[in-house]
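Here are my notes on the model you sent. They cover the nonpolar cores and the charged side-chain pairs.

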Amino acid sequence: MPSDPWNIAQSIATIAAAIFTAATIYFAARQLRVAAESYKVAAEQTAIAAQAARSTALGALAEASRDLQWKVLQDKALHAVLMPEVPAEGFSENVKRDVVRGMLISHHSFVFELWRLGQIPDSTWQAFQVDMMEFFRQKPNEARWRQVGELYAKEFRDFVEGKLLLRPH
């Protein structure tokens, strides 16, 4: 039975519409995939920028804290700010050493936080860990850690105890 031209035209139109619809769906899917990738990249860049901002703020805070502590340590009249019972002549040599030990523990804590924020490369981090291990394993420094360690974040305490002092926590 011969097909009439109208049926042939309708069949061709249906096939063309199906091809056009498939192409449109394919193109839309590709556009969605590109948009999703762009969103993912933008989100990662935003996270990196936020992390850098936190690191910058943490670094500025560490520097300001260190400078303030050194100024207080250098001026005998300000020693009473840290310890109200300090004698008029200021801190003894032992107290000064303990204050500096506390400052160094704080410094190591800041370095640890910067590492956790991804701002210290692994190659540099290894050197920091060696320095920290040598510091914390010295008996007077370890004793100072025992006095002030509870003031620090749990992650840093776990790191000092489990990694630097090699004690299970």
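1. A residue is called buried under 20% relative accessible area, exposed over 50%, and partly exposed in between. Arg-116, with a relative accessible area of 41%, is therefore partly exposed. Bear in mind throughout that this is a predicted model.

2. Arg-116 takes part in two pairings worth checking by eye. With Glu-113 the side chains form a salt bridge, N to O 3.3 Å; both residues sit in helix α3, 3 residues apart, or about one turn of the helix. Arg-116 also forms a salt bridge with Glu-155, where the closest N and O atoms are 3.8 Å apart. This pair links distant parts of the chain, since Arg-116 is in helix α3 and Glu-155 in helix α6, 39 residues away. Glu-155 is partly exposed at 40% relative accessible area.

3. Arg-157 and Glu-150 make a further salt bridge, with 4.0 Å between the closest N and O atoms. Arg-157 is partly exposed at 22%, whereas Glu-150 is exposed at 65%.

4. Lys-139, Glu-142, Arg-146 and Glu-161 are joined in a network of salt bridges. The count for the model comes to 9 salt bridges.

5. The largest nonpolar core has 16 residues, of which Ile-105, Phe-136, Trp-145, Phe-156, Phe-159 and Val-160 touch the most other members. Helices α3 (93-116), α4 (122-136), α5 (139-148) and α6 (154-164) each contribute at least two residues to this core.

6. Neighbours within four places in sequence aside, Val-160 contacts Phe-136, Trp-145, Leu-165 and Leu-166. A second, separate core has 5 residues, including Leu-73, Val-86, Phe-91 and Met-103.

Definitions and conventions:
Residues numbered from 1 in each chain as written. Predicted model: local features only at pLDDT ≥ 70, side-chain atom pairs only at ≥ 80, totals over all residues. Heavy atoms only, no water. Core = buried A, V, L, I, M, F, W, Y, C linked by side-chain atoms within 4.5 Å. Buried < 20%, exposed > 50% of the residue type's maximum accessible area, 1.4 Å probe, protein only. Helix = DSSP H or I, 4+ residues; strand = E, 2+ residues; numbered from the N terminus. Contact = heavy atoms within 4.5 Å.
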